[in-house]
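This report concerns helix packing in the model shown below.

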Amino acid sequence: MILDRIEELLKEVSALTASNAEEIEALRLKYLSKKGEINALMTDFRNVAADQKKAVGMKINELKQMAIGKINDLRAQTESTDWQNNDTDLTRSPYPIGLGTRHPLTIVRNEIIDIFSRMGFVLADGPEVEDDMHIFTKMNFAADHPARDMQDTFFIEQHPNDVTKNILLRSHTSSVQAKTMEQQQPPIRIICPGRVYRNEAITARAHCFFHQIEGLYIDKDVSFTDLKQVLLSFAREMFGADTKIRLRPSYFPFTEPSAEMDISCHICGGEGCGFCKHTGWVEILGCGMVDPNVLELCGIDSKTYSGYAFGLGVERITNLKYQVSDLRMFSENDVRFLKEFEAAH
């Protein structure tokens, strides 16, 4: 009977003892966690007769309050004992506590955002867990596009017979662009920073998660020339006034025409070195004019409006700026590595 079990637990709790924090935590989990004894009583409480519910409920509450009080008392006793046994010399001068520093990815991310903000772009954000509709379908990805394969994408829910129902970790921040276009009519001028995920082997040059910043501008009479000027201004702000850019034809499902942009190597000045593989150029981003299909899928009249989009990897820009040779360093939390950026901000 539930009342007998409550009485047994009351006796157990009143006799509890513990000598350290680990034992106290074990007691807390045993009695007060979601899978603990008291929560199990609440499950059985549903089957109690209506005329007994009040009395049983009061006893369960009494047990819970006793358990909380007992565990708090044990914790206070243990902390008091630890303090008395502590051999810290209170007369000793305190250790110097060094100030922390921003992570290099945060430093570069903020710098990129600041540059585009001065050009009139505003921040837009969205969830990292997203549906197929906004990640792929409204970005003009074909139903059989390789990016939809489980080898390339982290799926949370997968529906082979209806890919539009798939739920996944976003593989790019274009989903934020799609939602913005659904909710807002042009003019639109946004940048979308965020973490993205792709099913790749972790090496010095690749990781299963990284950080992107994508940009989108939609208005009347937007041209590729506008895109080129914005990207040239960004490159010179980021890497120096003498930086040159070049655009190479490429392909992306959501832009047409599409291009990849290189900058002149700021290490060798374009002369050729090991960092740029002796070409004098380094790729930094992809871009293009927004495909009319994307505009229509997001509810924007492609006959009236046009736009451009671009996307860059924060790790890539950070590598170029600080010459970090191993991407894994960004996520290993090595304090020695982070200390190298104390003067960077």
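Which residues in helix 5 meet which residues in helix 8? Val108, Glu111, Ile112, Ile115, Phe116 and Arg118 of helix 5 meet Val230, Phe234, Glu237 and Met238 of helix 8, where contact means heavy atoms within 4.5 Å. By class, this contact has 7 nonpolar, no polar and 3 charged residues (Ala, Val, Leu, Ile, Met, Phe, Trp, Tyr, Cys and Pro count as nonpolar, Asp, Glu, Lys and Arg as charged, and the others, Gly among them, as polar).

The model is predicted: local features need pLDDT of at least 70, side-chain atom pairs count only at pLDDT 80 or more, and totals for chains, interfaces and linings use all residues. Residues are numbered from 1 along each chain as its sequence is written, and side-chain values use heavy atoms, without hydrogens and water.

Helices are DSSP runs (H or I, at least four residues) numbered from the N terminus. The axes are lines fitted to C-alpha atoms over the stretch in contact, with angles from 0 to 180 degrees between N-to-C directions.

| Helix pair | Axes come within | Crossing angle |
|---|---|---|
| Helix 1 (residues 2-14) and helix 3 | 11 Å | roughly 165° |
| Helix 5 (residues 104-118) and helix 8 (residues 224-239) | 10 Å | roughly 135° |

Helix 1 is therefore roughly antiparallel to helix 3 (over 145 degrees). Ile2, Arg5, Ile6 and Leu9 of helix 1 make the contact with Glu37, Leu41, Asp44 and Phe45 of helix 3.

Within helix 3 (residues 37-45), Ile38, Leu41 and Phe45 are buried (under 20% relative accessible area, 1.4 Å probe, protein chains only). These residues lie on the same side of helix 3 because they cover an arc of only 50° around the axis, taken from the directions from the helix axis to the C-beta atoms.

Key:
Buried < 20%, exposed > 50% of the residue type's maximum accessible area, 1.4 Å probe, protein only. Helix = DSSP H or I, 4+ residues; strand = E, 2+ residues; numbered from the N terminus. Parallel < 35°, antiparallel > 145°, perpendicular 65-115°, else oblique.
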